[in-house]
Amino acid sequence: MMLREITASDLAAWLADAGAEQPVLLDVREDWEVQLASIPGSLHIPMNLIPLRMSELPDDQTIVTVCHHGVRSYQVGLYLANAGFEQVLSLRGGVEAWACDVDLAMAHY
């Protein structure tokens, strides 16, 4: 199974479109990573807690999974898709890509 990915620039344009149904940004990084840098409005559930907290996620909204470089978010996205979530995307390149392409003031780590 392949998971669709979205670029930081495309996600930024989507979030800026007031007329578009907004996605849930699911940040799956560890607490210390979120403290360093995060995309405003993200829902933070560390990767290891996803199986326990999946019920907190809406099944009628697109979910965009987010991590540092896009590896963990892709894995979580596949997990959610296999669990029955139909609208899941992974942020290609993670918050690092966001910091490079969208929010140049965001911390790199």
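A salt bridge is a side-chain nitrogen of Lys or Arg within 4 Å of a carboxyl oxygen of Asp or Glu. Glu56 and Arg53 give you one here, with their closest N and O atoms 2.8 Å apart. Keep in mind that this is a predicted model, where local features need pLDDT of at least 70, side-chain atom pairs count only at pLDDT 80 or more, and totals for chains, interfaces and linings use all residues. Residues are numbered from 1 along each chain as its sequence is written, and side-chain values use heavy atoms, with hydrogens and water left out.

**The overall fold**

- The protein chain has 5 helices and 5 strands; helices (H or I, at least four residues) and strands (E, at least two) are DSSP runs, numbered from the N terminus.
- Follow the sequence along and you'll get the pattern β-α-β-α-β-α-β-α-β-α.
- The protein chain's radius of gyration is 13 Å, close to the 13 Å that the globule rule gives for 109 residues, so the chain is as compact as a globular protein of that length. That radius is taken over C-alpha atoms, and the globule rule is 2.2 Å times the number of residues to the power 0.38.
- Taken along the principal axes, the C-alpha atoms fill a box of roughly 35 × 35 × 25 Å.
- Of the 109 residues in the protein chain, 42% are buried. Buried means under 20% relative accessible area, exposed means over 50%, and partly exposed is in between (1.4 Å probe, protein chains only).
- Now look at contacts (heavy atoms within 4.5 Å). Among those between residues at least 6 apart in sequence, 63% join residues at least 24 apart.

**Salt bridges**

- The structure holds 4 salt bridges, including the Glu56 and Arg53 pair from the opening.
- Glu56 is partly exposed, with a relative accessible area of 43%, and Arg53 counts as partly exposed too, at 25%.
- Another salt bridge joins the side chains of Arg92 and Glu5 (3.5 Å, N to O). Arg92 sits in the loop between S5 and H5 and Glu5 in strand S1 (residues 4-6), so this pair ties together parts that are 87 residues apart in sequence.
- Arg92 is partly exposed at 42% relative accessible area, and Glu5 is partly exposed at 33%.
- Glu33 forms a salt bridge with Arg72, and their closest N and O atoms are 2.9 Å apart. This pair links distant parts of the chain, with Glu33 in helix H2 (residues 31-36) and Arg72 in helix H4 (residues 71-82), 39 residues apart.
- Glu33 counts as buried at 4% relative accessibility, whereas Arg72 counts as partly exposed at 22%.

**Helix H5**

- In H5, 6 of the 8 residues are buried, so this helix is largely enclosed by the rest of the structure.
- Its buried residues are Gly94, Val95, Glu96, Ala97, Trp98 and Ala99.
- What do these buried residues pack against? Their partners are helix H1 (8-16), strand S4 (63-66) and strand S5 (88-91).
- Glu96 is in H5, which covers residues 94-101. Glu96 is buried yet has no salt bridge, and the nearest side chain of opposite charge, Arg29, is 8.5 Å away. For charges, Lys and Arg count as positive and Asp and Glu as negative, while His and the chain ends are not counted.
- The side chain of Glu96 does make a polar contact with the side chain of His108, at 2.8 Å. A polar contact is a pair of N or O atoms within 3.5 Å; within protein, one must be able to donate a hydrogen and the other to accept it, and residues adjacent in sequence count only if both atoms are side-chain atoms.
- Leaving aside residues up to four places away in sequence, Glu96 touches His68, His69, His108 and Tyr109.
- With residues up to four places away in sequence left out, Trp98 touches Ala8, Leu11, Ala12, Leu15, Ile39, Asp103 and Met106.

**Cysteines**

- How many disulfides are there? The count comes to 0, using a cut-off of cysteine sulfur atoms within 2.5 Å.
- The sulfur of Cys67 is 14 Å from the closest cysteine sulfur, in Cys100, which is too far for a bond.
- Cys67 counts as buried at 2% relative accessibility, while Cys100 is partly exposed at 42% relative accessible area.
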